[in-house]
Amino acid sequence: MQNSKTYVSTRNSADRVSASEGIVAGLSKDGGLYVPEFIDDIHFDLDALKDLPYAALAEEILGAFLGDFTPQQVRDCVAQAYTTGAFDAPEPVGMSRAEDSAILELWHGPTAAFKDMALTILPHLMTTASKNIGEDKTIVILTATSGDTGKAALEGFKDVENTKIIVFYPKDGVSAVQEAQMVSTAGKNTAVVSVDGNFDDTQNGVKAIFSDRELGARLEDAGIALSSANSINIGRLLPQIVYYYYSYFRLAEAGRVNLGEPVHFVVPSGNFGDILAGYYAKKTGLPVGKLVCASNQNNVLTDFFRTGVYDKNRPFYKTISPSMDILISSNLERLLYDKTGRDGAKIQELMDELKETGRYCLDPALFEDFLAGWADEAAVQQTIRDVYEKDGLLIDPHTAVAETVRRDLADELDDAPVIVLSTANPYKFSDSVYTALYGSLPEGKNPFETQKILSEKTGTPIPAPLRELDKKARLHDTTCKKTEMAAAVETLLREDAADV
Ligand SMILES: *Cc1c(COP(=O)(O)O)cnc(C)c1O
């Protein structure tokens with residue numbers, strides 16, 4: 001490696017790679033996640049960054065992490081993601097206000113969910129990284145989605161040279177709007193497959209494909225390298241650090257916090273990628289008070305932060321915030337690594353224990369940067385109603401989980417301003433929002449008609465990417481069992497070869 005900015009696998013301290021190698025690989029060969037070894041050496045100067053527009057700020061922050069990218073490469077990637085009109089406002093994120101909290105709107109991108117923040121840039125990072133390491137194989141992106149990643153990744157990678165993308169989603173685990181978004185994706189290099197199982201099954205299936213060495217060898221012979229667009233890819237995680245800084249600076253600009261004083265962030269969490277980016281922001285100098293991990297009824301993370309016991313042996317609930325219906329939060333592994341002595345052998349042990357017994361136990365005192373809480377379905381609906389009635393703001397169920405937890409923990413958060421991350425446009429989950437506001441769905445209407453009625457009743461616009469989805473052709477119709485995902489990949493790639 002030519003520079004000292006190495007990433008190391010959470011499960012094997014001998015597996016050390018450059019940023020480019022880590023982004024192209026996605027997951028390390030031993031199943032671990034790459035983490036920046038050098039993170040303690042980064043300390044951003046708040047004064048120097050505070051007035052920068054989003055793209056310039058992203059350039060500074062990503063530049064510090066992408067050691068083997070040239071400054072020009074970083075600039076180009078950032079420009080292609082954030083300044084080409086893919087977002088519906090001059091700056092990619094917006095801020096609004098409900099009751100006492102600032103709401104950070106992360107859904108102004110091409111698919112109306114926060115995954116766009118990273119997935120508009122990841123394809124560019126990946127093709128650049130691929131050039132940097134002289135990779136000449138076709139990169140095939142395999143993605144498991146609880147609904148939002150899938151469409152954002154499909155849009156990001158659609159027709160990107162030397163890449164193909166295959167998205168797996170749990171058949172009954174995504175909303176009608178999310179499904180319609182995914183299966184209507186055009187592009188010569190895209191495939192969408194529904195899986196007979198829940199999100200954890202789907203994610204485990206993808207992880208199993210990555211660690212299947214024989215399959216990997218066969219694909220390699222066919223000129224294919226697998227990679228991931230899930231938040232296990234470090235190239236997905238790093239761009240998410242930027243909006244923590246950006247939103248902090250907007251509060252400072254508005255005089256709501258003095259530069260250098262802390263703010264709390266409340267993050268609706270599932271796979272723990274978004275909030276982990278907040279932790280990396282804190283580690284690199286952002287004054288963060290508490291990072292509040294907000295969960296829905298699948299509250300495995302709440303229990304973990306409160307007791308130190310991570311136990312996935314529990315019922316799995318399908319909630320109105322489906323992107324957070326997760327019992328195995330992959331990115332937590334990166335936090336464990338950082339908090340338990342950065343010892344790959346120790347993490348391997350914990351993850352083996354999780355696999356074998358479904359649980360592990362650590363000292364909760366290790367995690368005092370965090371607070372945690374969860375919201376049940378009735379409380380989430382109540383918050384959607386309350387925020388609409390009092391602030392005139394329509395929020396989606398994921399955002400409402402976070403706002404509910406903020407209200408529940410208000411006493412512990414009253415010493416600093418609070419930023420609540422808003423992760424989806426309400427029209428992405430319009431059935432649930434409608435029901436929360438009006439008690440039940442309009443009779444005899446499909447989800448797309450409900451969207452229109454919601455828009456008329458509340459006087460709020462349906463964002464462009466979610467309009468007219470019912471009129472779009474269904475271009476993908478593949479289904480598979482959870483045990484047959486690897487076979488589906490091989491079939492799709494073979495069919496593809498026959499096409500060309
Ligand atoms: C993915 C997602 C989340 C959870 O983010 P993680 O990084 O997986 O914790 C929350 N809300 C929405 C709308 C999402 O799409």
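Biologist: Which residues is Ser-101 in contact with, leaving aside its neighbours within four places in sequence?

Modeller: Ser-101 is in contact with Ser-96, Arg-256, Glu-403, Arg-406, Val-418 and Val-420. Contact here means heavy atoms within 4.5 Å. Keep in mind that this is a predicted model.

Biologist: Is Ser-101 buried or exposed, and how do you know?

Modeller: Its relative accessibility is 0%. Buried means under 20%. Therefore Ser-101 counts as buried. Its place is in strand 5, residues 101-105.

Biologist: What makes the link between the side chains of Ser-101 and Glu-403 a polar contact?

Modeller: The distance between the side chains of Ser-101 and Glu-403 is 3.1 Å. The cut-off is 3.5 Å between N or O atoms. A second polar contact, of 3.2 Å, joins the side chains of Ser-101 and Arg-406.

Biologist: Let us turn to the ligand. Which residues come nearest to the ligand?

Modeller: Of the 15 residues around the ligand, the nearest are Lys-115, Asp-148, Gly-270, Asn-271 and Thr-423.

Biologist: What are the distances from the polar side-chain atoms of Asp-148 and Thr-423 to the ligand?

Modeller: A polar side-chain atom of Asp-148 lies 2.5 Å from an oxygen atom of the ligand. For Thr-423, the distance is 2.8 Å, to a nitrogen atom of the ligand. Lys-115 has a side-chain N or O atom 2.6 Å from a ligand oxygen. Taken alone, the ligand exposes 380 Å², and the protein buries 98% of that.

Biologist: Now helix 16. How do you know that the span of helix 16 agrees with its 14 residues?

Modeller: Helix 16 covers residues 344-357. At 1.5 Å a residue, it should span 20 Å. Its end C-alpha atoms are 20 Å apart, so the two agree.

Biologist: Which residues of helix 16 are buried?

Modeller: They are Gly-344, Ile-347, Leu-350, Met-351 and Leu-354. An α-helix has 3.6 residues a turn, so residues three or four places apart point the same way.

Biologist: What is exposed on the other side of helix 16?

Modeller: Ala-345, Glu-349 and Glu-356 are exposed there. The cover over the buried residues of helix 16 includes strand 2 (12-17), strand 12 (309-311), helix 15 (332-339) and strand 13 (359-361).

Biologist: What makes Asp-343 a cap for helix 16?

Modeller: A side-chain oxygen of Asp-343 lies 3.0 Å from the backbone nitrogen of Ala-345. That is at the N-terminal end of helix 16. After helix 16 comes Gly-358, with a positive phi near 80°.

Biologist: Why is Asp-343 called partly exposed?

Modeller: The relative accessible area of Asp-343 is 35%. Partly exposed lies between buried, under 20%, and exposed, over 50%. So Asp-343 is partly exposed. Its place is in the loop between helix 15 and helix 16. Not counting residues up to four places away in sequence, Asp-343 touches Thr-10 and Tyr-337.

Biologist: How far apart are Asp-343 and Asn-12 in sequence and in space?

Modeller: They are 331 residues apart in sequence. In space they are 8.0 Å apart, C-alpha to C-alpha.

Biologist: Next, phi. What is the phi of Phe-272, a residue other than glycine?

Modeller: Phi of Phe-272 is near 70°, a positive value. Most residues other than glycine have a negative phi. Phe-272 lies in the loop between strand 10 (263-268) and helix 13 (273-283). At 1% relative accessibility, it counts as buried.

Biologist: What makes Glu-468 count as partly exposed?

Modeller: Its relative accessibility is 41%, so Glu-468 counts as partly exposed. Phi of Glu-468 is also positive, near 60°. Its place is in the loop between helix 20 (447-458) and strand 16 (478-481).

Biologist: Last one. Why does Ala-424 count as buried?

Modeller: Ala-424 has 1% relative accessibility, so it counts as buried. It lies in the loop between strand 15 (418-422) and helix 19 (430-438). Among the residues it touches are Trp-107, Asp-396 and Phe-429.

Note on methods
Residues numbered from 1 in each chain as written. Heavy atoms only, no water. Helix = DSSP H or I, 4+ residues; strand = E, 2+ residues; numbered from the N terminus. Expected span 1.5 Å × (residues − 1). Buried < 20%, exposed > 50% of the residue type's maximum accessible area, 1.4 Å probe, protein only. Polar contact = N/O pair within 3.5 Å; in protein donor to acceptor, adjacent residues only side chain to side chain. Near = heavy atom within 4 Å. Areas by Shrake-Rupley, 256 points an atom, 1.4 Å probe, with all protein chains shown as cover.
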